[in-house]
Amino acid sequence: MAASGTAQATLVGSAASSQEFRIQEFTAQEAAVQVSAVQGEAVQVSSIVPAGTEVATALTAPSPLLEVRDLAVHFPIRQGWLRRAVGAVRAVDGVSLALERGRTLALVGESGCGKTSVGKAVLQLIASTAGEVKLDGRILTGLSRSALRPLRRRMQMVFQDPFASLNPRLSVGEIIAEGMQALGLGRAEASPAAAVAALLAQVGLDPAAAGRYPHEFSGGQRQRIAIARALAVQPELIVCDEPTSALDVSVQAQILNLLGSLQADLGLAYLLITHNFAVVEHLAHEVAVMYLGRIVERGTVGEVLHSPRHPYTQALLAAVPRIGSADEAPPPALSGEMPSPANPPAGCHFHPRCPRAGAECRTAYPAPVAVSATHTVYCVLNAR
Ligand SMILES: Nc1ncnc2c1ncn2[C@@H]1O[C@H](COP(=O)(O)OP(=O)(O)OP(=O)(O)O)[C@@H](O)[C@H]1O
Ligand code: SF4
Ligand SMILES: [Mg+2]
């Protein structure tokens, strides 16, 4: 007779061999059948705990909230009065990443490397040329406007410049209520005014701010308003594009603290776009370093900031004296400029600037090397 109780099953087989699922109140055999039916893979039930033991909901697969696979965004370069495409700016050129609920993934790199284009393509604000974006397992790329509409409220963006991103002709209350109304959302509060007041309080502003206009506020307060507007539709994912770089140093930490406490309270996931490693250290859990449209290194904040393996990451960090390994000679600072994404160099895109480039770097793009289960680098120096 099969044991009954709460089963913990492990998916075995191809890609997801380490994933675990918890299934309440099934026999071991039923658990296996259930998971198999959902995932289309073989499973083995790894443990049975007594019935009634508190575990996660009936069937919980730890799939990321956001999954991006081989994303490309190419902007056509048009010339002549017929506006013929004569080439393309390869702003994003094969980016893959994953972001769990309640976590922050920072996307870092020099100006023009494609960070904002990734963020906008994730939110379906610009079209992607290739690849796939999934939110909570649902493919967003290629969906029609009407199919996207109910998904839009689940992901929002907070921009760098809170003055430019807030409509100066609308009151703060109207700005915050606008998104809710557009998406036909009602919050738990009795009226839209009560919902706006609650959101303002949530971001540390006086609810009386609802009747005032954006120009009456400081930069930090405007960024709080922009965050309240994003929260108004109860998103799960927020793309924060340089959320503090337009602010005075004195208020940057306050906004980062606010984002951190909102994440803890609401379980938000952040795709944090920044060129500032201090911001990464403050808020992020994982980091992906971009160069010329591609991710060249990714890992946890500890791995990438304290044990960087790619010469580009090392050079970026060399400009930040307090971060990096103290017992190694500092790597040379970054010299030269990033080449045009309209004409990326052959081989490793970083080779024209890399002090350690060899002949092989000029021919083939480096394969990914797994430094650890969470740390990956695209550089031949790390190949075993
Ligand atoms: N709409 C567009 N049309 C043509 N090229 C574009 C467009 N948007 C961005 N680009 C180009 O794509 C590349 C990547 O731009 P993107 O704004 O994504 O970079 P970024 O990393 O966010 O830079 P920054 O740190 O300066 O904000 C740049 O070369 C940029 O000029
Ligand atoms: S692959 Fe070669 S050129 Fe590219 S970062 Fe590594 S050493 Fe430098
Ligand atoms: Mg940008």
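Strand β11 (residues 269-273) is largely enclosed by the rest of the predicted structure, because five of its five residues are buried, a residue being buried if 20 or more other C-beta atoms lie within 10 Å of its own, exposed if 12 or fewer, and partly exposed in between, with C-beta atoms placed from the backbone. Strands (E, at least two residues) and helices (H or I, at least four residues) are DSSP runs, numbered from the N terminus. In a regular strand the side chains alternate between the two faces of the sheet. Both faces of β11 are covered, with Ala 269, Leu 271 and Ile 273 buried on one side and Tyr 270 and Leu 272 buried on the other.

The model is predicted, and local features need pLDDT of at least 70, side-chain atom pairs count only at pLDDT 80 or more, and totals for chains, interfaces and linings use all residues. Residues are numbered from 1 along each chain as its sequence is written, while chains are lettered from A and ligands numbered from 1 in the order in which they are written.

Two strands pair with β11, pairing being assigned if DSSP finds at least two bridges between strands. Strand β6 (residues 104-108) pairs with β11 in the parallel sense over four bridges, and Thr 104 stands opposite Tyr 270 in β11. Strand β10 (residues 237-241) also runs parallel to β11, to which it is joined by five bridges, and here Asp 241 stands opposite Ile 273. Together with helix α7 (residues 249-266), β10 and β11 make a right-handed β-α-β unit; right-handed denotes that, with the strands pointing away from the viewer, the path from the first strand over the helix to the second runs clockwise.

Positive phi values occur in two loop residues other than glycine, Arg 83 and Leu 292. Arg 83, with phi near 55°, lies in the loop between β4 (66-79) and β5 (84-99) and is exposed, with 9 other C-beta atoms within 10 Å. Leu 292, with phi of about 50°, lies in the loop between β12 (286-291) and β13 (294-300), and counts as buried with 23 C-beta neighbours inside 10 Å.

As for confidence, the mean pLDDT of the chain is 84, and 78% of its residues reach 70 or more, pLDDT being the predictor's confidence in each residue, from 0 to 100. Over residues 1-27 the pLDDT is below 50, and over residues 35-59 the pLDDT is likewise below 50. Where pLDDT is low, the predicted coordinates should not be read in detail.

Methods. Two residues are in contact if their C-beta atoms, placed from the backbone, lie within 7 Å.
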